[in-house]
Structure formats: C-alpha cells, structure tokens
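Open the structure in your viewer and keep the sequence beside it. The tour below goes one selection at a time.

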Amino acid sequence: MDKKLAVLVLAALAVGLAGPALAQGGSPAPPPELAARVSSIVGRFPGGTAAATAALAAELVALGPAGLAGTLALVEPPGGADDAKARFAVNGLAVHVTRPGAERERLLFVKALLAAAAASPDKDRASFFISQVELAGRAEAVKPLALFLSDGSLAGPAARALQAIGGPEAARALLAALSAKKAPAGDVAAVVEALGALRSREAVKKLIPLAASNDEGLRRAARAALANIGDPAATGVLSRVLVSSSSGERARAPQDLLLFARRLVESGRAAEGLAAARALLASHRGPAESQVAAGALSLLASAIGPEALPDLLQAACGPDARLRGAALEAAAGIAWDGAALGRWIGRAKDSGPETRAGIIDMVGRSGDPAALAFIRESLADPDKVVRLAAIRSSPPDDASLLLRLLDTADDEEAAALRAGLLRFEAGDVVPAAARRIDTTPHPGKAVLIDVLGEKGARGEIERVFRLAADPEPATRAAALGALAKLAGEFELPSLVAMLEKAVDAEDIVRLQDAVIAASRGADPGRRGTALVGLMKDASPARKAAVLRVLSRVGGERALRAVVEETAAADLQVQAAAVYALSQWPDFGAAEGLLRVAATTASRRYRLLALDGYVRLVGQSGTPAAGKLALYKDLLGQAFDDADKKAVVRGLGAVRDPGSLRLLAGLLDNPALGETAAAALLDLASEQAPHERWLSGPEAHSALRRVEALQADPAEKARVAALVADRLRQGGFVPLFDGRSLAGWKGLVADPPARARMAPAELAAAQAGADERMRAHWRVADGVLVFDGEGDSLCTAADYGDFELLVDWKIEKGGDSGLYLRGSPQVQIWDAEANPAGSGGLYNNRKGPSAPLEKADRPVGEWNTFRIVMIGERVTVFLNDRLVVDDVVLENYWERDKPIYPSGPIELQAHDSPLYFRNIFIREIPRGEAAPSARTDPAPAASFPGIRTAEEHSPPGLASEGRLDP
Amino acid sequence: MPKPRPLTRRRFIRAGAAAAASLAVVPRRVLGGQGHLAPSDTLTKAVVGVGGMGRGHLGYPGAVLRAVCDVDRGHLAAALEMAGPGVAGYTDFREVLARPDIDVVHVATPPHWHALISIAAAEAGKDVWCEKPMTRTIAEGRAVVEAVRRTGRVFRVNTWFRFTDRFYGFGTEVRPIKKAVENRLLGWPVKAVVSAATGFDWKFFWSGLTHARPEPVPPELDYDFWLGPAPWKPYHPHRVHGTFRGYWDYDGGGLGDMGMHYLDPVQYILEKDDTSPVEVFADCPQQHPDACGSWRRIELRYADGCAIVLDGENRDTRAPFLEGPLGKLYRGFESDIPGLRQKLAGLPDPAPQLTDFAEAVRSRRRFALNEANGHRSCTLVNLAKIAVQLGRPLRYDPATGTFPGDEAADRLANQPMRAPWRL
C-alpha cells in the first residue's frame with residue numbers, strides 16, 4: 001500500500017471519521033444546503049472586531065462537525081483559488097475554541113483539523129491544518145499527530161505540534177516514532193529535537209546511540225537533546241566528541257556540556273554538575289574560549305553563590321578581559337557579606353588597573369559602607385581607568401569630592417565628572433561649582449559653567465553673561481550654552497544686542513540658540529512678541545539678526561513681522577525675511593509665501609517661496625485631494641519651468657490617484673518630464689494595501705513610460721522591478737521569468753482534439769511539442785523570441801477569468817495573435833498592411849471582429865495589450881486605447897458551443913518572427929467581477945481596519961481604475 | 001553512576017575505529033585563533049544579513065568590517081561592493097562565527113533569525129549588535145538573555161532613543177522626560193500614550209498578502225536557509241526581503257518595525273526594565289494566520305498601575321504622552337505643570353548610561369540597552385503581537401514568562417522551530 005494512503009486511512013480511523021464521499025481535498029462533502037450555509041458564513045470573515053469574529057466562529061461551531069469540516073474544505077492548496085477568507089475562518093475558529101471554558105468546541109474543531117490534514121492530498125494544505133493543531137490541540141491530538149511523523153513533509157510540522165502540546169503522552173508518541181522506523185535523517189532530527197525540548201527521560205536510551213550517528217545534523221540534535229534532558233546516563237557521550245566531527249560541532253560540545261551540568265544541578269545532582277563545570281573551567285583557559293569558562297563560572301555562581309568566591313576571584317583577576325568581565329558580571333548577582341567584600345577589595349588593591357576598575361564597578365552596586373570607602377579612596381587613584389570607575393560608582397552625597405577632580409581632569413574624566421555632578425540637586429552643587437569657575441582650568445571650567453546651566457542656576461546669570469564675553473573661546477562656548485538654558489524674555493535685549501555684534505560663526509550659532517530658547521519660554525500665545533518688539537525702529541543689522549531666528553521661534557506675532565519685512569526696503573532685511581518665511585514651521589506662512597512668489601521680481605526669492613510653500617502643503621494635514629488642488633493651481637499659474645519643478649516634486653508625495661494622473665500627463669513635457677518621472681517613482685516606491693490604484697492600469701502605463709525614459713540600463717531594470725512589485729501587489733504574477741521558458745509548453749493540436757487523446761498519447765505528443773518549442777522559442781535579453789518557424793507557445797497552466805498584460809513586437813509583414821482559453825484570438829498583425837489595426841477578436845462571426853480603432857505603434861516598436869476576460873466576454877486595450885469593448889469571444893473550434901470555461905493562453909506562431917516580454921496575469925475569482933470588465937479595479941490584498949483610499953481622496957478618483965478614453 | 005570523566009586536553013584515539021573514536025572536548029585555542037581582545041582601535045566585526053538594513057551596518061563606527069554574510073547572493077555581492085577590499089563574503093553565518101579574528105557580530109537578518117544567530121555568536125565568543133525587534137517571540141528573548149549571560153558577552157539592540165537623539169516626533173530627547181518621571185513630578189503611577197498625537201505614528205503598510213500564487217525561487221536566493229527556523233511555506237517574493245515584516249512567521253507588521261524604537265524608551269521612563277506588563281488588551285480586526293494586518297488600540301498594564309497605550313488610529317488627538325496623578329506631559333514637552341522646566345532643572349539627573357558600544361566591548365561593561373532590558377522592551381512588542389493575533393485580553397506573568405490560563409497564548413510565545421534549528 002502506498003504510504004500516503006496508509007496515513008490517510010489510519011488517521012481517519014483514529015479520529016473516528018469515515019465519510020464515504022470525499023470532496024475536493026479529500027474532505028467529506030457536506031450536504032449542499034450546509035455547504036451554502038458554511039460558505040455564506042465564511043464569506044463574512046474576517047471579523048472587524050474580536051466580538052464579530054467570535055460571533056462568526058460561533059455560527060460555524062453551531063453547524064457541528066459537518067460545518068467545521070465544510071469550513072476546512074474551503075481551504076485551497078497554495079496557488080489555488082483565493083482562500084483568504086477560509087484561512088481567516090479556520091484561524092478564527094482556532095482562536096475562538098482556545099478561549100477558556102470551550103473544551104467541547106475545541107475538541108470538535110481539533111478533530112476536524114486532524115481529519116482534514118489526514119485527508120488532504122496536498123501537503124502544504126495539510127501542514128496549514130497541523131499548524132492550527134499546534135495552536136489548539138491537546139492530548140486528543142497526540143495519537144493522530146503521531147501518524148504524520150512517518151510522512152516526509154509532515155513529520156516536521158507534526159513534531160512541532162507535539163512539542164507544543166507537550167506532556168508525557170506526546171513524548172511517548174515521539175519516542176515510538178523514533179523507535180519504529182527508518183526515516184530520512186531530517187525527520188528524525190525533528191523528532192529528536194522535540195524529545196529534547198520535552199525533556200523526555202524515557203528517550204535517553206534511544207538518543208545516546210544517535211549521538212554517535214554518522215549524520216552530523218542528527219548527532220548534534222541528539223547531543224543537544226541529551227544535554228537538555230540532563231540524565232546522568234548521557235555523561236559519557238556528552239563528555240566526548242568524535243574525531244570526525246566538524247569544527248562547529250566541536251565548538252558546540254562544551255556548550256552542550258554546560259547545559260547538561262546545569263540540568264544536573266537543577267535535578268539535585270549538584271556535585272556531578274559542579275564537577276563538570278569546574279572541569280570545563282580548568283580546561284578552557286585560553287582567551288578564545290572564555291565563553292565556555294564564563295558559562296562554568298555563571299553556573300557555579302548561581303548554584304553555590306558566595307561559595308564560588310575563590311573561582312570568581314581567580315577569574316576576575318586573570319589576564320583575559322572577557323573572562324574578567326564575565327566573572328564580575330556573575331559576581332554582581334551575588335549578595336556578598338562584609339568579609340567577602342573585604343576580600344574583593346583587598347584583591348583589587350593588589351591587581352592591575354583594569355581589574356581594580358572592574359571590582360569597583362562590581363562592589364559599587366552593593367551600596368556597602370566598606371565598598372563606598374574604597375570607592376572614595378579610588379577617586380585619587382593614579383590610574384585614570386580606576387578613577388573613572390570610582391567617579392561613576394560614587395553616590396551623589398558629596399559634590400566637593402568630584403569638583404576637586406575637575407582641576408586636573410582631561411576631556412574624558414571631565415565628561416564623567418559632569419555626569420556625576422548632574423546627579424546632585426541644584427542646591428548641593430551650584431554654589432560650590434560657581435565658586436570654583438574662575439580657578440578651574442579647561443575642560444573642567446566648561447563643565448562647571450555647564451552645570452550652572454543644566455541646574456537652572458538663574459541666580460548666577462550675571463556671572464554667566466560675563467563669561468560669555470570671555471576672550472577664551474571654550475569659556476564663551478560653555479557660557480553661551482548655559483545662557484540658552486538659563487535666559488528668559490528678560491534677557492532677550494542683552495542677547496539680541498550680543499547677536500547683532502557677534503562675528504565669530506560659532507558664537508552666532510550659539511547666540512541664536514540662546515535667543516530662540518529664551519523666546520520659547522513664553523506662553524505660546526505671546527511667543528515671539530518680545531523678540532519682535534526688539535525690531536521696532538532697530539537698525540537693519542539688528543532686524544536681520546532677529547529675522548534669522550524668527551522661523552525657529554514661530555508664533556503669530558512673529559509671522560506677521562516676517563511677512564511685513566518681506567517688503568522691506570533694505571535688501572539685507574528683505575532677504576532675511578523671505579528666507580525666514582520660506583523656513584516657517586507651520587501652514588500659517590502659506591499665504592505670505594504665495595504672495596511673495598506671485599509678486600517678487602527676484603528669481604531666487606520666487607524659488608525659495610515656492611519651495612517653502614510646497615513643503616508646507618506637503619506636511620499639512622490637508623487631505624490628499626486638497627493638496628492636489630493647491631498644487632494643480634500652482635502649475636496653472638504663470639511661473640517658469642524651474643519654479644514648477646518644485647511643485648512637481650511635491651506631487652510625488654501626494655498619495656492620490658489624481659497626482660499620479662497629473663504627473664503622467666507631464667511625462668512628455670520637455671522641461672518637467674524628468675522631474676515628473678522622478679516624482680512618479682517616489683509615489684510608486686511603496687504601496688499600502690489600500691492603494692490599489694498603484695497596481696491599476698494608469699499607474700502601470702505611467703510607470704512603463706518612465707521605464708522607457710531611462711537611459712541607464714541599471715535604472716531601467718530598477719524601474720522594471722518596481723513595476724513588477726506594484727503588479728504583484730495588485731495580484732498579478734509574471735508568466736515569463738525573463739530567463740527561461742519555465743511555465744510554458746509546446747502546442748499539441750487543438751482543445752477538442754486534445755480532449756479526445758488518451759493520457760499516454762497526449763503525454764507523448766506533449767513531449768514532442770515541447771521539443772519543437774525549444775527549437776524555435778528562446779529567451780534573449782529578457783525577451784521571448786520566436787524564430788518564425790515552429791508552433792505556438794502555450795502557458796503550462798489553464799486560466800479562466802483573468803486580466804493579462806503583455807508587450808509584443810513584430811517585424812514588417814508580421815502576423816500573430818493571442819489565443820485565450822486555447823481559442824483564437826486577439827489579432828496581432830502589421831497595421832500598415834491591415835489598416836484596421838491589431839487587437840480585434842479576429843475569428844468572431846456574430847459579434848464584432850475588428851478593433852474599435854487602430855492603436856498600433858509602427859512595426860518594430862513595442863506594443864502593450866491589456867486583456868480582460870470574464871465569462872465569455874473580452875475587453876482589450878492596445879497601448880492604453882480601448883479597442884475591444886466587452887465582446888463575447890466565439891468558440892472557433894466548436895462553433896455551436898460557447899467559449900470554453902478555461903484553457904491555456906497561447907502566443908500564436910504564424911510564420912513570422914515575434915517578440916514578447918513583460919507578461920503578467922491576474923486571475924479573477926469567478927463571481928467576483930462586475931458584469932463589465934472595463935471598470936474592474938485591480939484588487940489588492942485588503943485588510944479591514946485600514947483606512948481606505950476613499951477616506952484619503954474624493955470617491956470619484958480613488959475607486960476608479962479605468963483609463964480615460 | 002560513574003563520576004563525570006575528567007576532561008583532559010590529550011587526544012586519545014582508539015586505533016582502528018576512526019568512526020567511533022572520540023576525543024575529549026578540545027579547547028578552541030588548540031583549533032587555532034589568537035583570541036586576545038583587540039586593542040581599542042582595531043575591534044573587528046562581521047555583518048550577518050546584508051539586505052537594505054544590514055548594508056546600513058557596514059559603516060557603523062567602532063569596529064573594522066571583516067566579513068559579510070547573506071543567503072541571497074545578490075545582497076552579498078552588493079554588500080561586498082560597498083565594503084571594498086579586505087572583506088570576505090559568506091552565505092552561511094556559521095562560517096563567519098568560526099573565524100577567530102572577529103570580535104563583534106551584527107545581526108541584521110529578518111527577526112526570525114535574530115535569536116539563533118545571536119545565541120550562536122555568543123557561544124562562539126562574539127559580542128553581538130542585534131537589529132530590532134530583538135527576537136520574534138518571548139521564549140527566544142529569554143534564550144538570548146540566558147546565552148549572553150552564560151557566555152559573558154556584551155550585547156546591544158539597534159535602537160538608541162533611550163540614550164540619544166530626539167525621541168521620534170516627541171520633540172525632545174528622552175533624558176528630560178525620564179528626569180521628570182524619576183523625580184515624580186507627574187506623580188505615580190504613570191500612563192503613556194504612544195500615538196501620532198504624541199509623536200509616534202504607527203505604520204500599517206507592513207501588511208502581508210493573504211493570497212499569493214507561489215513563484216519559483218530566484219536562483220540567487222537560498223530560500224530554505226532564509227526560512228531557517230520558520231515553517232516551510234511556498235516561495236513568493238513578497239514573503240522575503242523588503243516586505244517580510246508583513247508575515248507573522250518572520251516579524252509582526254508595524255509593531256515589529258517600530259515597536260522597539262517607540263516602546264523601549266517608554267519602558268525606561270516608566271522604570272520597567274526589570275519587569276513586564278501583567279495585562280494586555282488589543283482592539284483590532286481579526287488577523288490572518290499568515291499575514292499581519294492592522295490594529296486600532298493596544299493597552300499594556302503593569303502590576304503597579306503604570307500603563308502603555310498604543311493608539312493606532314490616533315483617536316485621541318489631544319492625548320498627553322505621559323499622564324500621572326500630578327500632571328501631564330504632552331508632545332514637545334508641553335505640560336499642565338506650571339514652570340516644569342525650571343522645576344526640573346534643579347533636580348538630580350538620571351543615572352548616566354554606557355552608550356558607546358565599542359567602549360562596552362572593551363571594558364566588558366553592560367551597554368545601556370542590553371540583552372536584559374532589550375528583552376523586556378521586545379516583550380512589549382511580542383505581547384502586543386499575541387494580543388492582536390488572539391484578539392482577547394491576556395494576563396501575563398512577568399516572572400515565568402507565561403500566560404496563566406491561556407495555553408494558546410503560551411504557544412504563540414514559545415513556538416517550536418523547524419529542524420535542524422532549535423533554541
């Protein structure tokens with residue numbers, strides 16, 4: 001008996017389910033009324049809220065086992081029809097039945113999952129069901145899951161589910177699988193891994209021989225499992241590694257042993273565990289193995305605490321920095337008594353500076369008085385590393401100790417002292433710091449000044465102003481920094497006076513910061529008022545100095561002043577005002593900027609104003625449609641092209657189909673085309689799930705035009721990849737990989753003839769056809785090329801309703817076509833010889849067979865078809881022009897019948913060389929589409945709860961995917 | 001039972017039985033490698049995972065790049081080109097870890113690999129600089145903490161707002177916020193709201209596809225290795241590289257992306273570096289089992305009454321970032337406490353932190369954001385993910401890392417890995 005079948009039958013028996021009728025996927029087919037009921041409930045998934053989901057799940061549960069089985073039957077294998085709702089429903093059930101107090105429901109559902117998994121011929125589908133058992137299953141699932149352990153592709157998922165369920169029963173089931181059979185090593189490793197995770201002592205006997213297996217993966221899995229189980233019987237095997245083992249395995253061995261030792265200690269075999277740890281510590285003294293010694297130390301420290309003192313002391317004072325650090329880290333977790341701390345401190349005094357510093361850090365955490373005395377003493381240590389440790393370990397109780405050190409501190413020590421001093425309350429540090437400023441040299445002096453600022457020492461502000469005029473730049477810098485923290489509106493006149501006169505570039509920046517900080521202190525309503533007051537009757541130099549900071553102060557009063565000064569007579573003042581306005585932080589400046597743009601004679605001002613305006617619109621909370629209208633308005637005005645570029649760039653950030661349309665319309669503009677292309681790429685560089693329009697026809701057409709505009713092949717490829725991403729997000733998949741004929745096959749006869757062939761006959765014919773295909777169809781530079789001599793090329797898969805994108809090119813006199821569902825045809829021919837043009841349903845007798853217009857590009861250039869087929873009806877766009885409008889495709893092969901429900905897509909060979917590329921298809925689930933194909937928007941994965949496009953833009957724009965004729 | 005065999009360094013090989021022969025655990029020094037801690041200016045590093053995020057790590061200061069590693073040969077080639085001469089490329093991180101001349105390993109793979117590579121690196125004696133989110137599950141986080149402690153290594157997570165930079169859209173650094181809370185100017189307990197209103201916009205474009213037709217694996221990608229510990233699923237380009245965050249198997253949507261950036265400082269401010277919330281609640285639409293979706297609101301409450309609210313819809317546009325019984329602190333450090341800045345200045349500053357990773361490596365001291373507090377802040381992210389996936393209120397025990405009475409939640413917190421990978 002076939003193995004798969006064995007699993008299927010056994011599993012069905014095990015869960016007590018044996019339905020005679022097997023539907024698709026092998027599940028028992030529910031009666032039609034029930035199926036309809038299930039499908040209507042599933043159709044309402046996903047729930048918008050937890051309560052809604054629970055209600056839907058409860059409806060399904062209420063339908064009983066048959067309802068649950070019916071739900072599971074709706075799950076498709078990957079690549080099948082869109083089963084997102086079914087998967088939502090299944091997972092919704094799994095979540096619902098695992099709520100507390102739903103044991104009976106849980107049991108029913110898990111049974112259904114196991115039966116469906118067992119009956120599913122598709123392993124990915126079965127694996128999905130098992131993953132839900134991993135979430136919801138308990139004891140009842142153990143035996144049925146065990147049956148999958150011998151199935152190559154399901155052993156892993158089943159072992160994981162058993163591991164998640166846990167308990168002795170699951171471990172026994174796993175162990176039985178280990179004993180029972182000879183499976184590929186990979187599956188055994190999964191079982192071994194689960195046994196290890198479940199710490200099954202019963203498994204130890206079986207695992208020990210596997211730890212010497214010839215398969216490295218299995219050997220390593222067994223060693224890890226034995227280590228985690230921690231049974232003493234594994235001591236021997238874990239203490240050795242095979243000579244033939246890999247370096248990775250040998251590096252891993254001591255880590256397994258460490259875990260094993262820890263498990264021994266945990267299970268009351270402390271002596272053995274600690275002996276193993278000490279042995280590892282003794283045998284791993286080299287600098288490249290400190291991670292092992294560290295593990296041994298950490299085990300000792302956690303197991304015996306203070307008694308590990310000798311081991312820790314030795315390691316903490318050794319030559320290896322990493323092991324020292326590890327020992328001190330382990331020591332920090334132990335509550336040392338006074339005597340032990342004394343030994344640490346004693347040893348510190350006898351050790352080198354790094355060790356001393358490390359011990360200070362460690363004992364500093366204890367807060368013990370003896371430790372504090374040692375830390376205080378170490379502040380005067382001759383070695384800086386030690387002093388730094390002492391500084392950071394000092395509690396904030398006596399600032400004078402730290403202040404003294406500033407006299408001799410270098411930059412690093414000064415920074416540490418600064419951090420230490422800021423830990424004090426202002427009253428405990430400010431007076432002493434202020435007293436020492438004049439006598440302390442840099443960098444200590446700067447720290448003291450900074451401390452005054454940080455601690456808000458307003459009482460010392462006179463002193464700080466004095467220092468801000470010091471000839472020494474470092475002193476000035478520190479003092480100006482402190483003023484930014486201390487100064488308020490009261491000090492603004494002084495600050496502005498200084499700013500006006502300052503010449504040093506760094507001073508100016510610091511003074512500006514101080515002015516801004518001093519102005520910001522005011523309440524928001526009056527913000528900027530005092531500063532603007534200082535401009536009254538002031539010199540141009542002072543006005544300009546104030547204007548340069550106003551945009552960073554903000555406020556209505558400040559804005560009014562800036563707008564006013566954009567008309568100033570003095571050029572210096574006017575320039576500062578325009579610049580300030582262009583940098584304004586909020587939308588209030590928009591009107592002023594527009595006015596400057598419209599009225600100024602200066603090109604530079606106009607550009608500044610427009611850039612500023614576009615930025616403000618972009619960052620405003622205006623809805624996308626509103627932004628679009630504002631930008632459109634600007635483009636309509638009489639600015640020159642250089643100015644308009646700023647607007648075009650702004651459009652790239654407006655996530656709305658309207659801006660896509662506007663930018664696409666600018667692509668052919670000689671001055672703005674390049675900027676528009678860049679903006680389009682910005683727009684399309686990412687796509688939120690609700691932004692379906694980025695996968696739609698307009699976006700596709702625009703992006704392909706951008707692609708064609710790129711001269712650099714690498715850029716062209718980047719754009720092509722972006723187009724493919726957008727299409728994928730819209731549900732399209734590539735039919736042609738650009739590299740090979742994968743996914744294609746040769747043509748065998750016609751659909752009625754193929755239907756009459758016996759399987760073997762068809763297979764033989766197909767093999768021959770494939771060989772002919774390879775002789776005449778090839779791939780060159782990402783293009784599918786036909787040499788003009790063989791047969792048509794067919795997709796390997798059949799398609800029903802779909803949207804197809806394909807680029808094609810012919811030579812003079814060339815002839816081809818696209819067969820849909822294996823039937824002719826959407827016509828391709830040389831439009832010079834056939835003035836009607838390409839795209840018509842050439843073989844129609846009753847309905848129209850000619851295209852609505854000729855939309856062909858000259859022979860030798862690329863053309864693009866977008867073909868939508870739903871039911872019997874076909875719509876064709878050629879180069880974005882509608883050429884076939886929802887016309888029934890007649891059955892050429894059997895004239896009395898309607899077109900077949902599905903079939904391959906074929907690229908027709910007709911005795912002339914042909915070129916195809918960029919072939920993408922989106923399958924349209926039956927029944928989803930509206931009767932007219934033309935207005936069908938490309939659906940993307942959509943999620944409830946995400947803001948929809950409609951909320952971002954007016955309805956007419958967002959929901960419409962069709963092209964303007 | 002016999003006493004454990006003493007471990008000696010002498011090889012003993014039983015003649016004529018090569019396959020069964022064994023040798024005592026050999027110290028790595030014998031296998032080669034210098035191993036001395038490099039002098040201060042020559043710390044060396046390797047970057048594992050050199051997609052967009054990892055290539056950003058190549059130039060991080062503090063260590064000299066020696067090796068890059070990726071399971072996608074395209075990524076590897078791009079990284080090698082960026083890195084210049086003297087840098088070796090690998091497709092298996094284990095080969096990188098076997099190199100004795102590398103001090104620090106940067107882990108910039110997708111999150112489902114973070115724990116395994118971090119642990120393996122620590123066990124190989126390397127210090128670790130790990131991308132956020134630190135781990136994909138709570139159990140993985142606990143394992144990383146244990147491994148870093150056991151091996152005595154230095155570890156950091158690649159987020160930094162608790163000690164430097166303006167805290168996203170809040171408008172100031174974290175330090176004055178921490179100072180205000182630590183000095184109890186807002187009172188206690190404190191509630192934090194993390195939303196657009198307080199400066200933290202949640203990104204919801206990290207959503208997976210709920211239905212994608214499998215595609216052939218591109219030849220440059222070792223997809224099986226890319227999946228590693230994650231369950232096997234058919235390949236689709238949206239599962240990997242720039243879009244993996246949309247899938248539960250590898251990350252957790254916008255929570256995984258921004259969660260640690262936003263929440264780690266909040267945890268520090270609320271003085272919760274040693275503990276985790278005891279209750280979690282999520283208001284969200286139902287989640288797909290494979291693809292992450294959006295959520296509206298998540299609340300995490302601590303035992304002492306402190307709470308963190310994640311407002312994904314920005315429903316309360318006037319929400320304070322922090323609120324305590326004595327006052328509120330809004331975005332931009334606005335407050336209803338009169339003269340807050342002045343009051344604050346005179347008070348003691350928070351304790352200094354060690355914020356230079358190279359210095360932490362050299363001095364063997366814990367980095368400001370290390371395995372322990374990093375695990376706690378990543379637990380906030382992982383708790384939120386579980387609450388979103390289950391859609392029901394959860395109780396959590398910070399000491400044991402379990403959800404009393406909710407086995408399904410426990411299973412999401414501790415997911416078995418695909419063999420041969422294991423914690």
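Start by colouring chain A by confidence: its mean pLDDT is 89, and 92% of its residues reach 70 or more. Select residues 1-26 of chain A, where pLDDT stays under 50 and the model has 42 contacts beyond four places in sequence. Then select residues 929-965 of chain A; pLDDT stays under 50 there too, with 98 contacts beyond four places in sequence. Where pLDDT is low, the predicted coordinates should not be read in detail.

Next, select helix α6 of chain A, residues 103-119. How far apart are its end C-alpha atoms? They are 24 Å apart, which agrees with the 24 Å that its 17 residues should span at 1.5 Å a residue. Of these 17 residues, 13 are buried, so α6(A) is largely enclosed by the rest of the structure.

Now turn to chain B and show it as a cartoon. Its secondary structure consists of 12 helices and 15 strands. The radius of gyration of chain B is 23 Å, close to the 22 Å from the globule rule for 423 residues, so chain B is as compact as a globular protein of that length. Along the principal axes, its C-alpha atoms fill a box of roughly 85 × 55 × 55 Å. Buried residues account for 57% of the 423 in chain B. Of the contacts in chain B between residues at least 6 apart in sequence, 67% join residues at least 24 apart.

Colour chain B by domain. Domain 1 covers 28-157, while domain 2 is made of 168-207, 240-354 and 367-413. Their centres, taken over C-alpha atoms, are separated by 28 Å. Where the two domains of chain B touch, 22 residues of domain 1 are in contact with 23 residues of domain 2. On the domain 1 side, α5 and β7 (155-157) of chain B each supply at least two residues. Which element gives the largest share of that side? It is α5(B), with 7 residues. By class, the domain 1 side has 12 nonpolar, 6 polar and 4 charged residues.

Finally, show both chains and look at where they meet: 81 residues of chain B are in contact with 105 residues of chain A. On the chain B side, select β1 (22-24), α4 (114-123), α5 (138-151), α9 (340-345) and α12 (407-413), each of which supplies at least two residues. The residues on this side of chain B divide into 41 nonpolar, 19 polar and 21 charged.

Terms used. Residues are numbered from 1 along each chain as its sequence is written. Chains are lettered from A and ligands numbered from 1 in the order in which they are written. This is a predicted model: local features need pLDDT of at least 70, side-chain atom pairs count only at pLDDT 80 or more; totals for chains, interfaces and linings use all residues. Helices (H or I, at least four residues) and strands (E, at least two) are DSSP runs, numbered from the N terminus. The radius of gyration is taken over C-alpha atoms; the globule rule is 2.2 Å times the number of residues to the power 0.38. A residue is buried if 20 or more other C-beta atoms lie within 10 Å of its own, exposed if 12 or fewer, and partly exposed in between; C-beta atoms are placed from the backbone. Two residues are in contact if their C-beta atoms, placed from the backbone, lie within 7 Å. Ala, Val, Leu, Ile, Met, Phe, Trp, Tyr, Cys and Pro count as nonpolar, Asp, Glu, Lys and Arg as charged, and the others, Gly among them, as polar. The expected span of a helix is 1.5 Å times one less than its number of residues. pLDDT is the predictor's confidence in each residue, from 0 to 100. Domain bounds come from an automatic or database domain assignment.
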